[in-house]
Each structure stands twice: as structure tokens, then as C-alpha cells.
Amino acid sequence: MSEIFQKFKDGFKKSTLTFHSVFGSIDSLFSSKKIDPETIDNVEEALYNADIGVESTKKIMDEIRIAYERDPSLRHQEITTIASSVLKNLLAGSDRKLDSDEKQPIVICLVGINGSGKTTTAAKLGYHFNQNGLSTILGACDTFRAAANEQIQSWAKTLDLDLVASQEGADAAAVAYDAYQAALHRGRNILILDTAGRLHTKGRLMEELKKIKRVLQKKDPILPQHSWLVIDGNIGSNSIEQARQFNKQFGLTGLIITKLDGTSRGGSIISIYQELKLPVYFIGLGEKAEDLLPFTVDNYVDALLALKKA
Ligand SMILES: Nc1nc2c(ncn2[C@@H]2O[C@H](COP(=O)(O)OP(=O)(O)O)[C@@H](O)[C@H]2O)c(=O)[nH]1
Ligand SMILES: [Mg+2]
């Protein structure tokens, strides 16, 4: 089994447990034990608890009930196979990789509410791309809190990342501009902009984000090529309204969903994708630098439902 799939499995352990609780043990998921109507109800409850969403749960349950009517000797393993194929269909097209052939430096602007994981993710992204042969530089555009600059500086030091730092109260757009200039001059492949957390309802802070965009676009109208919303996976489907507003006001090109390791609601990726139809580039499965993983539908669904044994 690949190391990356193992990380998905470990990361989604809490969500997987919700699903497993229906069957009693991991082994019985793969067993040829017949199911009964009670198990079917329990599966439905487990899917809700994993935050897969009403629509998606209904689609899976419809398929399971049809299959059960057709064949009352349906086995446990067949239920998971049905769930897996419905989920993979629903998520088809949701996984996306950065195209490293894009015009460089590729600018990725991270936005989202306070505490969603932007700063940590900016550092993890820098580390990930560096590890994969793409040079990066970070721009510390969270000038709102004094601690923000220290936090990103400490990450940069630990992970040996290039950083354009800032001062509390500085103009975030000016920092973005300087960071872009630095990326150009130093020939970096990717510039990652960390920004201040804001509620989508706070007009002034939204204006600050728009200004970052305007200033970059003066340099090149295609900038920033990527605007990714960083969402806390613990909040799950409750974050959909927040995402809609960011999308409307700032324009999003993708998502990063963090903290999926700390929740049993790891199915939230499905409901979020169903609503927003924005591609998911990475997911966060822990606090360490290497805990940001490129999102793939197969790894995700197989890990969530524990379809492959570790
Ligand atoms: N368990 C876990 N914690 C995370 C993950 N991503 C971020 N965090 C933690 O979430 C907290 C807030 O992160 P931060 O990057 O400061 O959020 P920001 O306000 O959006 O910049 C920090 O304690 C991070 O260590 C993740 O994928 N898993
Ligand atoms: Mg931050």
C-alpha cells in the first residue's frame, strides 16, 4: 500500500470509525455476512453523521435499497461497494492538481475565516512544492495581528522557506506586491500569499482582499492565478454559506479543506463539493508540515470507507 494512502487512512480514522460502528468491526465490512433492514438504517445514520450531506446520503441509500430488494441476501461488502461507487461518481472531477506549466510565478492567494488554517497551510504548501522540485516564496499578507507575522516567520525558519515578511498594520496589498516582485526577481515558481482571516460579512476586510487582487492585476491581469478558500473541515457543511460569499465577492478557483484528522465529519468534502463545485487541491490531515496531502477522489473514498485494508 502506498505511503500516501496510508496517510489518508490514518487521517480519516475518526470518520471511518463512524461508518465502521455500523458493522461492528473492520473485518465485518469485508465479510460476506448478510445484511438486514436494521443494518441498512444504521448505514444511513452513519452517513449522516459523517456529514456526507442529505442529497448524497439519499443517493447512496436509494442504490442500497434497490439492490437489497433485488437481492435480499446482499452482503456487507456489497454495501460498501455501492457507497463507494456512488461517492466516486458524485466527486468525479473534484480533484485537481496545480499545473506547474502555468506562467510563473504562479500566485496562490489563500483566503478564509480566522482559524481555518491559512497560515499553517501556506507553510505546508511551501514545503510540499519545495519537496516536489518547485521553488516557492511566501508573502505574509496578514498584517492585521502582530502574532500573524511571527507565526509565519517561525514556520519559514523551521521549514527553510523563503518569506517576504510584514509589519502589523502594513498595507496587505503592498506586501503582496513586494512579495510578487521578490518572486519575479528570485525566479520562484510559486508565490503563496497568506492573508488575514475575515468573516465574509466584514465589508472592510473584504475590500482589503479585493485590493490585493487589484494591485497584483496591475502587474499582470491574470493574477492571482489561484484563489483558494481554506475551510475548516470540522465545520463541515456549515461552511458552505461562507464559501458562497467569498466566491461571490472575491472569486475562488479552488478549495483546501483542513483539520479532517480531528473530526468524524470527514464526509463534509462531499457536501461542500456538491454545493460549490470548486475543485479541491489539498486536504489537511494534521498539524505537521507533511500533513497536507494532494486530494484525490480514489484515496479519499477508499480511506473514508476503509475499502482497502491497511
Ligand atoms: N489537526 C489539524 N490542525 C490544523 C490543521 N490545519 C491547521 N491546523 C491548526 O489550526 C489552528 C489554526 O491555524 P492557522 O493556520 O493559524 O489558521 P488561520 O487563522 O486561518 O491562519 C492551528 O493551531 C493549526 O495548527 C490540520 O489539517 N489538522
Ligand atoms: Mg493566519
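Let's start at His128, which you'll find in helix H7, residues 118-131. Helices here are DSSP runs of H or I with at least four residues, strands are E runs of at least two, and both are numbered from the N terminus. Keep in mind that this is a predicted model, where local features need pLDDT of at least 70, side-chain atom pairs count only at pLDDT 80 or more, and totals for chains, interfaces and linings use all residues. Residues are numbered from 1 along each chain as its sequence is written, chains are lettered from A and ligands numbered from 1 in the order in which they are written, and side-chain values use heavy atoms, with hydrogens and water left out.

Is His128 buried or exposed? Its relative accessible area is 17%, so His128 is buried (buried means under 20%, exposed over 50%, and partly exposed in between, using a 1.4 Å probe and protein chains only). Not counting residues up to four places away in sequence, His128 touches Phe282 and Pro294, where contact means heavy atoms within 4.5 Å.

Now for the aromatic rings. The whole structure holds six aromatic pairs; rings of Phe, Tyr and Trp (its six-membered ring) pair if their centres lie within 6.5 Å, and planes under 30 degrees apart count as stacked, over 60 as edge-to-face and the rest as tilted. One of the pairs joins Phe295 and Tyr300, and it is tilted, at 5.4 Å centre to centre with 55 degrees between the planes. Phe295 is buried at 2% relative accessible area, and Tyr300 is buried at 0%. Together with Phe8 and Phe12, Phe295 and Tyr300 form one aromatic cluster.

Tyr300 also takes part in a helix contact. Two packed helices are described by the angle between their axes and the distance between the axes. Helix H1 (residues 3-11) packs against helix H13 (residues 297-304) at about 45 degrees, with the axes 8 Å apart. Those axes are lines fitted to C-alpha atoms over the stretch in contact, and angles run from 0 to 180 degrees between N-to-C directions. H1 and H13 are therefore oblique to each other (under 35 degrees is roughly parallel, over 145 roughly antiparallel, 65 to 115 roughly perpendicular and the rest oblique). H1 supplies Ile4, Phe5, Phe8 and Lys9 to the contact, while H13 supplies Asn299, Tyr300, Asp302 and Ala303.

Finally, look at Pro105, in the loop between helix H6 (76-90) and strand E1 (106-111). Pro105 counts as buried, at 3% relative accessibility.
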